[in-house]
Each structure stands twice: as C-alpha cells, then as structure tokens.
Amino acid sequence: MPDSKYIIGIDLGTTNCIVAYADIGRQPEENLPFRIFEIPQIVSPHTVEKRKSLPSFLYLPPAVETKEGALDLPWESGPSIVVGEYARSRGAEVPQRVVASAKSWLCNTSVDRNSSILPWEAPEDVEKISPVQASAVLLTYLRKAWNYEVAGDDPSLAMEHQDIYLTVPASFDAVARELTVQAAARAGLPDLTLLEEPQAAFYAWIEKSGEKWRTLVDKNDLVLICDVGGGTTDFSLIRITEEDGNLVLDRTAVGEHLLVGGDNMDLTLAYFLNKKLAEAGTRIDAWQMRGLVHGCRNAKETVFSKEEGEAPVTILGRGSGLVGGTIKTSLTAEDMTAILVDGFFPKCDPDAAPLAPKQAGLREAGLVYASDPAITRHMAAFLKRGTSDITDQIKAPTAVLFNGGVMKARMIRERIKAVLNAWSERHDGSHPGIREINTEDYDLAVARGAAYYGYARRGHGIRIRGGLGKSYYIGIEAAMPAVPGMPTPVKALCVAPFGMEEGTRVFLEDREFVLVVGEPVRFDFFGSTIRKNDPAGAVVEDWHDEIEEITTLETLLDGPSGTRIRVNLDISVTEIGTLEIWCVSVEDENRWKLEFNVREQS
Amino acid sequence: MNVVRSFSRRSFFWLFILTILLIALLDAGIYLGAGYIFTRVPIDQLQAAAADAPALKAGMDEIQPVIEWIRVLFFPVSIGLFFFFFLISWLVVRSILVRAFKRERYDELGANKEGVGKISEKKKKKKEDGGYEPGLEPVFEEKEAVVSKREMEDRQRRYYLHLLAVLQREGRLVDFLTEDLTPYDDAQIGAAVRSIHENCQKSLEKYLAPKFVMDKNEGESVTIPPEFDSNAIKLTGNVTGEPPFSGILRHKGWRAGKLELPELTGTGDSKIIAPAEVEIP
C-alpha cells in the first residue's frame, strides 16, 4: 500500500508467530530500524502479558472457563477462542480442545481444508473449525492486537492499511498459498504479499550485514538455507551469480514440507529418560511426562550452551506433596550427542535417501509427520534434487545459513557443517569446503526479513529472484483409440514453469480446449520440484515419479447449457505470489477462473 | 475514547442537575415575586379608577390578555429555554474536551519521531514510575482509569498476589514453602530445590530483573554522599553527625531492574494463588 506508515512482516509459524515492523512514515529511509511487535496475550486466566512471540496454538475453552472475564483481552471480552501462551500451556492439559500446527494442516491433502475438523479428535460438544479458519483466527488475533496497541483510534495506523508481508514455507504449493491468502482475507487482511520463509531468513541476514553482505558472499556461491523450527524443517538453495558486475541472487530450489523439528527432539529426550527411569523401577504418569518434556527442554538448552557435563532433570511431585514425590535424573552431553545429534543429524552419504515410511494398509488421517527423523538424509535428498540441473562447477553448497530455534545449538550446527563438508566435492575434484553465514537471531529472523523484503521491494535493496518453487502441469488425455481394460494414458501439459516470476503471465495460445457449458469442468493438477526445465506449453508423456498429483482444478462455465466453448488457458503468477489459471474463450472476451479443489484427495 | 465517553456522561449528569436547580430557583423566585407584587398592588382601586378613566380602562383591557399569556406560558417556556441552553452548553463542553483529548494524543504521537516502539516504552515507563512510588497504584491505561473503586481495590489485591502466583505457577514456590520438610533427607530436598530454584530464578529475572543498589564488592569501603536516599541505603552501627559518611558495604541491596506489570482482566476471587486441579477422566 503506497500510503502506509509501516511495513509489517508476519512470520506465521507452525509453533510461533512473530511480527516485525519498520516505520517508513517517520524514519529517514536509508536507516530503517526493524522492530519486533510485542504481542499481548493471555498467559494464565486473568493475566495478559506482552511477549515477542505468539505461540500458534488455539484453545477452544468450555463455557465454564470464560466466566468472570477470566479469558478477556483488553480489546475483546469473552473470546470464543484463546490464542497464544495460555492456549499452548493448555494444549498439554486439555489436548482435545487445542489446535496446534494449524499451518501444517493447510498443506495436508488428505483432508478437506475448508471443513471443520480441528481440533483433530475433539469431543462432540467442541465447535470445530477448519484449517483455513484456524490460520484466519491467528491472523485476526495479530490484527486486533496490533490495532489495539499501535493504531488506537487512528484508522490509518490499523494493520489492514499497512504494507504486509506474510511468510509461508518454501514447500507450500500453489494450493496452500491460495488458502493462506484466503485465510488472511477472512482475517480482514485482504492485501498482503507472500514470501518464502528461507528467503526471509536470507533477507534478514542481508539487513543485519548492511552493505557488507556483498563482501561476505562470492559469485558462484551456492547457499543452503537450513531452517529447522519447532515443528517443521524447510530447505532452500540460493545461487549467487554475477550480471553486469552486480551480484544476483536466485532461489533455485525448495524442499518438501517436512514435519520434524525441535518439539520432536524434546519428546525424544523425554522418552529416553522415561525408559531410563522405568528400568530403574520408577513409573511416571502422563502428568509427570509433561513435566519431563519441559525439564528436557531446559536441560537441552543448558547442555547445549555448556556443551559438556550434565544437566539435572527433576520432575517435582504432583500436588502439594512436592519434595516427597520428586524424581531426579539427568541428561549428559553424551546422551545429547547420541540422541539428538546422531539421531536427527546422522552422518550420511550424499546419496542417502530418507527411510521410506512403513506401508501400513490403512494410514490414519491427520498430519503427515516425517517418517524418517534424520534431517541430514532429507537434506541429502533435497540437495540431490536441487542441484541436478546445475551442470557447471558447483555441485554442493559452498555456504550455509541456519535459521530456526534448533539451530541455536552450536553442536548441531557443527554437525550439519561437518556433513556438508564431507559432501562438498566438485566435479573437478576440488574441495572448497563449506562456511557458515552467521545470523544473529534464529527465532526472529524470518519476520524481520519479511519486513526487510517489503523495504527491498520499494527499490531500496537487493531482491532474490525466486518465482514459482515448482513447475505446474495439468493433465490432458492422449488422443488415441480406446483400448478395453486400459485407462487412457494421461499426459502432463506444463502450464507454469519453475521460477515463473511474480507479476508475469503465460498465455497458451496454441492449445485449445473444448469445454461444455453447464457441466463441471475438471482438470488434474500436477506439480514437480524435480523437472525444472520444462517450458510452458511443454507436454510430458512419461514422468515416472518426477511429477506429483496435487489436486484438481474446477470451474463451472456460465452460458446456454450444453453448448461447447473453445478456450485457451491464461496463467499468471500474481504480485502477491499466488497462481491463477483462467480459461479464456477463443470467440469472445469471456473468462472463467479455475479454482483449486481443497477437498480430500483420494 | 473511553475517558471522553465517561466524562461526557458525567458532565451531562451534572449539567442537568445544575440546570434543574437554576430553573427551580429562578421560577420559584419569579413566582413568589409576582405573587408579592400582586398582593401589594391594589387591583380593586385600580379597577375602580379605571372605571372612571376610559383611557386607563382601555389600556388595562389591552394588558389583561398579555398578563394572562405570561401567566400560562412563562413557566413552560422558561423551562424549555433552560433545557435548550443546557444542551448547547453540554455539547460545547464535550466538543472542547474531545478536541483537547485528541490533541494530547496527537502530541504524544507526533512528539516522538520513533513511532510505536517509543510509545510502548513511554507507557512502560509510566507504569514503572507508578510502581516505584509507594502508596500509588500503578498507572493503568486510559480505559481502566474509569473502573469503579471497588474493582480497583480488588485489582490491587490481585496484583499483590500476582508475583507469588507466578512463582507458584512457574516454580511451585508456595507448594515448597508450605511443605513439611522434616521427613525428608537433605539430598531429596536438594533435588527438589534445584528445579524450584531454576524456574523461580527465570521468572524473577523475567518480571523483576533484580539489580544491586550499590554495585561494589561487599567489604569494600564506600562513601555515602549527603544527598543519599535513605530508602535505598540503610545505615547501621555508629551513625552520628552529618553525612557524608564513610563505611563498609555489608549488603549490596536489591532493586527491581524492571517492573513489567501484566494487565489483569475480568473479575474473580482475588485471594486465589493457584487454582485446584481436577482431572476429568
């Protein structure tokens, strides 16, 4: 928005939301300070405190708890959904009433993302909400908190009138992005721009380093961004080249959506200690288990900061019988190395592949957690795919940028660097090694970077060339005689090539489709992160596993029923970062938008 | 804008009372005054005189309906007029107030070129100042300035317990302090204390960030200047004469490095430190 006073970057995280902002109205533009908005939230009944991050948890309280304004917010009394710190802590106590990882549900194709299914496995009397609604609730909360704290009575300072940049995982496909924008629109934020999280982390580093960043990277660098947050892991590759003497940044590959992160690590430690205690004859119940997870998180931080010795983990007795019921155990640096560093970041070959999930006949719906917790193996698979099209000298990344709370641990960063170092061998046999690009804040960087991106878009800084992180295809049936017992083979027509930039469009003029008015029109919609060189209009006949089905595209043409209309496809990547596919009539100016189907995919 | 709303409501009430009083005073005065005049003026003589003088009679006949009109209409009209003036004056007062309030707000916004970050700092500072001064309750944000006195007292009581409630929630401090320690050996107590200490320390650091009053080594000699704050420095031993004093630092003292008061919402039993927990199977 041209007349906005602030640029706002929102990191809508899987476990934490962070809002950063810069005041462009009053500051001299060359020296913008980026600040973190402290979000007021309920931390316990009757208590509202400001925190730098808003845990992305929604708690749907029973009516008995909202009495006497216990869950009132300064700007709203008796909210039906509690967001933030208190919701997170209630998540352990009343799990059926808490929605967690709302964002990961947005890209879960095994459920209808517009139907009310959350909290997953909630009892009958809880009024459920849909994944899109859950994200909308979080964004609405952020908007109201901002409007109460910053805008007050001045509508021109309200969040909806500012320049907003919302980050999404790089692995989000066109459908998940579209749903994110829909959620934002429901939250009263119809105008915003999307940005990939790893890119935002890179922007945050550029912002921190100032003009110096140009000396810290080199042309022909290949930077791996390794973002391991509380619940998800995200990879991206940024390639640095030179054009006309200027450094140019290209985001050349993005990873898959991986549900593994810091929370898995705390749980793993807790289960390890639980087993150790059980062997010594101490049984702990579910309540003590929660205390154990909490204790493990603290001990993890202590041990990782000291990098040696051990940290005690105590589980206090329940109720007021505190001292008598205390159970004591400890975590050592060796345990930590064995469980976390070797368990989640094992040394492996560059050709290693993540262990395939066990094929159970019936898999429970719900979130698809990564079946192999070894992040380094996922990294190997990602790099293999991501660098397959790079034919010159560079084969392995030369630099790595870490982001996410897990990466605060130097032991883990060192391990990842050691693994990458072992892989760093060029085609000509030289071994350039890997170096770390230092960020300062592993938790807040994405939001800050998003705000900086808004600043860069105003022409004040360098922009990463990204565009689409996947190639997108629609399925067309091959024109061939029907053979009984054999389905007509489907070919994939590339409609949007990898890297297609925001604000550009492709018009597939030489391919006509004949659509029938009054009947639902349906196209199969595919995507690929591997085939990066298919141009728009290319037809792929045989793709093995390189192209994956995403969903279907649907529309209903209006007009006299039964008539046939010849159409061309018009594809555009909008300025805000979503993909739009239109059918354009050949005869007249009529256009119909093909909508993504977000219902359950069989 | 809550302040404005509450003030305008209050000003409406008081102006209304004032107007009624004025009407009552004035109209009663006029009524009594007129009654007095009519009892003193010898109407009968006048009428008798008028019978003789045709000019006077004509004049009186002319005046008669006017007096009649005044008698009927004076009170309703005067009351109406007063209410009209009351409304006008209330609107004027209100608009002046709204404008003054807005200007104050803009001044606050405009004066600091750094924007929101500063504002919240300013607010925080306000709160801190409020917290430091004994006997002054913390300065709340505008809308809370109008909560009733009872609620205010209730809230103060809750603030009094709040830190203890936090230390119980995060570190189980109350459970620990109230427990009978005699049956346990020191190792068992030590194990529990380690966890309580760690969590309470974190909370203390987060909410109060205690700092030394005098950041020097204990045992060092220090000089107390004449203008010292007797709340911050306690003198012991042989205290005679006038400052400056020189002495030995025995305890560094503590002060709160910050006072970030949470906002307490709603109402409830202000004596609850930690709720009882009931698990529903």
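Rings of Phe, Tyr and Trp (its six-membered ring) are paired here if their centres lie within 6.5 Å, with planes under 30 degrees apart counted as stacked, over 60 as edge-to-face and the rest as tilted. Over all chains, the search of the whole structure returns 29 aromatic pairs. In one of them, the ring centres of A:Tyr6 and A:Trp146 are 5.4 Å apart and the planes stand at 85 degrees, so this pair is edge-to-face. It links distant parts of the chain, since A:Tyr6 belongs to strand β1 of chain A and A:Trp146 to helix α3 (residues 131-151) of chain A, 140 residues apart. Helices (H or I, at least four residues) and strands (E, at least two) are DSSP runs, numbered from the N terminus. Both A:Tyr6 and A:Trp146 are buried, where buried means under 20% relative accessible area, exposed over 50%, and partly exposed in between (1.4 Å probe, protein chains only).

Because the model is predicted, local features need pLDDT of at least 70 and side-chain atom pairs count only at pLDDT 80 or more, whereas totals for chains, interfaces and linings use all residues; side-chain values use heavy atoms, with hydrogens and water left out.

At the level of whole chains, chain A contains twelve helices and 28 strands, and 59% of its 602 residues count as buried. Chain B contains seven helices and five strands, which run α-α-α-α-α-α-α-β-β-β-β-β from the N terminus on. Of its 281 residues, 26% count as buried. A contact is a pair with heavy atoms within 4.5 Å. Among contacts in chain A between residues at least 6 apart in sequence, 68% join residues at least 24 apart; in chain B, residues 24 or more positions apart account for 70% of the contacts with a separation of 6 or more.

A closer look at strand β10 (residues 163-168) of chain A shows that six of its six residues are buried, so the strand is largely enclosed by the rest of the structure. A:Asp163, A:Tyr165 and A:Thr167 point one way from this strand, and A:Ile164, A:Leu166 and A:Val168 point the other way. Strands of a sheet pair through backbone hydrogen bonds, either parallel or antiparallel, and two strands are taken as paired if DSSP finds at least two bridges between them. Strand β1 (residues 6-12) of chain A pairs with β10(A) in the parallel sense over five bridges, and A:Ile8 stands opposite A:Ile164. On to strand β11 (residues 193-196) of chain A, β10(A) is joined in parallel by four bridges, with A:Leu195 as the bridge partner of A:Thr167. From β10(A) the chain reaches β11(A) through helix α4 (residues 174-186) of chain A, a right-handed β-α-β crossover; right-handed here means that, with the strands pointing away from the viewer, the path from the first strand over the helix to the second runs clockwise.

Both chains contribute to an open sheet of three strands, ordered β4(A)-β5(A)-β5(B) with antiparallel pairing. Its edge strands are β4 (39-44) of chain A and β5 (263-264) of chain B, each pairing on one side only. Five bridges connect β4(A) with strand β5 (residues 47-51) of chain A, where A:Arg51 is the bridge partner of A:Ile39.

Helix α9 (residues 333-344) of chain A has twelve residues, which at 1.5 Å a residue should span 16 Å, in agreement with the 15 Å between its end C-alpha atoms; the expected span is 1.5 Å times one less than the number of residues. Its buried residues are A:Ala333, A:Asp335, A:Met336, A:Ile339, A:Leu340, A:Val341 and A:Phe344.

Within helix α7 of chain A, A:Lys276 is partly exposed at 33% relative accessibility. Beyond neighbours within four places in sequence, A:Lys276 is in contact with A:Thr329, A:Ser330 and A:Asp335.

Terms used
Residues numbered from 1 in each chain as written. Chains lettered and ligands numbered in written order.
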